[in-house]
Amino acid sequence: QVQLVESGGGLVQAGGSLRLSCAPSKSISGIRTMGWSRQAPGNQREVVASIAVGDSTNYLDSVKGRFTISRDDARNTMFLQMDRMKPEDTAVYYCYADVRSVRGVIYTYWGQGTQVTVSS
């Protein structure tokens, strides 16, 4: 089965930047949507940003103007650029890919998660 490998998390001061990357362990076909979710202690997991087949994007209101999701098909990698970060952005970030099988069944593949911590 496909696995997504994440990197780029770490510790950053408020106002700083981090860039997360996500790449599949092997080629994926039938991708509908890819994106990033996050989960802070005591909170529900929430979708931060997503990008669809047609490259349309959606963002959580609290990150609009600060985060940018992108995809490099040549390198088979997805990115999340996070700028002007706030302590509220502290969470474990998970990349995901929603794919459609030949039979039309939808599967979601997840990354292992990467810790992002923003200090004030």
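Author: Gladly! Let's begin with a definition: two strands count as paired if DSSP finds at least two bridges between them. Strands of a sheet pair through backbone hydrogen bonds, either parallel or antiparallel. Keep in mind that this is a predicted model.

Reader: Thanks! Which residue in S3 is the bridge partner of Ser7?

Author: The bridge partner of Ser7 in S3 is Ser21. Another such pair is Val5 with Ala23 of S3. Between S1 and strand S3 (residues 18–24) there are four bridges, and the two strands run antiparallel.

Reader: What is the order of the strands in the open sheet?

Author: The order is S1-S3-S8-S7, an open sheet of four strands with antiparallel pairing. S1 and S7 stand at its edges with a single partner strand each, so one side of each has no neighbour in the sheet. Direction ignored, neighbouring strands of this sheet are turned by 15° against each other on average.

Reader: How many bridges join S3 to S8, and how many join S7 to S8?

Author: S3 and S8 are joined by five bridges and run antiparallel. S7 and S8 are joined by six bridges, again antiparallel. You can find Met78 of S8 in both pairings: Met78 is the bridge partner of Cys22, and Met78 is also the bridge partner of Arg71.

Reader: How do I read whether a strand is enclosed?

Author: Look at how many of its residues are buried, meaning under 20% relative accessible area. In S3, five of the seven residues are buried, so this strand is largely enclosed by the rest of the structure.

Reader: Glu6 is in strand S1. What is the nearest side chain of opposite charge to Glu6?

Author: That is Arg45, 8.0 Å away. Glu6 is buried and has no salt bridge. A salt bridge needs a side-chain nitrogen of Lys or Arg within 4 Å of a carboxyl oxygen of Asp or Glu.

Reader: Which backbone nitrogens does the side chain of Glu6 reach?

Author: There are two to look for. The Glu6 side chain reaches the backbone nitrogen of Cys95 at 3.0 Å, and the backbone nitrogen of Gly113 at 3.1 Å. Leaving aside residues up to four places away in sequence, Glu6 touches a list of residues that includes Trp36, Tyr94, Gln112 and Thr114.

Reader: Where does Thr114 lie?

Author: Thr114 is in strand S11 (residues 114–119). Its relative accessibility is 10%, so Thr114 counts as buried. A polar atom of the Thr114 side chain lies 3.4 Å from the backbone nitrogen of Gly9. Beyond residues up to four places away in sequence, Thr114 touches several others, among them Glu6, Leu20 and Val92.

Reader: Now back to charges. How many salt bridges does the structure hold?

Author: It holds five salt bridges. Some of them form a network that links Arg38, Glu46, Arg66 and Asp89. Let's follow it link by link.

Reader: What does Glu46 form with Arg38?

Author: Glu46 forms a salt bridge with Arg38, and their closest N and O atoms are 3.0 Å apart. Glu46 is partly exposed, with a relative accessible area of 31%, whereas Arg38 counts as buried at 6% relative accessibility.

Reader: And which parts does the pair of Asp89 and Arg38 tie together?

Author: The side chains of Asp89 and Arg38 meet in a salt bridge at 3.0 Å, N to O. Asp89 is in the loop between strand S8 (77–82) and strand S9 (91–100), and Arg38 is in strand S4 (residues 31–39), so the pair ties together parts that are 51 residues apart in sequence. With a relative accessible area of 1%, Asp89 is buried.

Reader: How far apart are the closest N and O atoms of Asp89 and Arg66?

Author: They are 2.8 Å apart, and this pair is a salt bridge too. Arg66 is in the loop between strand S6 (57–59) and strand S7 (67–72) and Asp89 in the loop between S8 and S9, so the pair ties together parts that are 23 residues apart in sequence. Asp89 and Arg66 are both buried.

Key. Residues numbered from 1 in each chain as written. Predicted model: local features only at pLDDT ≥ 70, side-chain atom pairs only at ≥ 80, totals over all residues. Heavy atoms only, no water. Buried < 20%, exposed > 50% of the residue type's maximum accessible area, 1.4 Å probe, protein only. Lys, Arg positive; Asp, Glu negative; His and termini not counted. Polar contact = N/O pair within 3.5 Å; in protein donor to acceptor, adjacent residues only side chain to side chain. Contact = heavy atoms within 4.5 Å. Axes fitted to C-alpha atoms, helices over the stretch in contact; angles between N-to-C directions.
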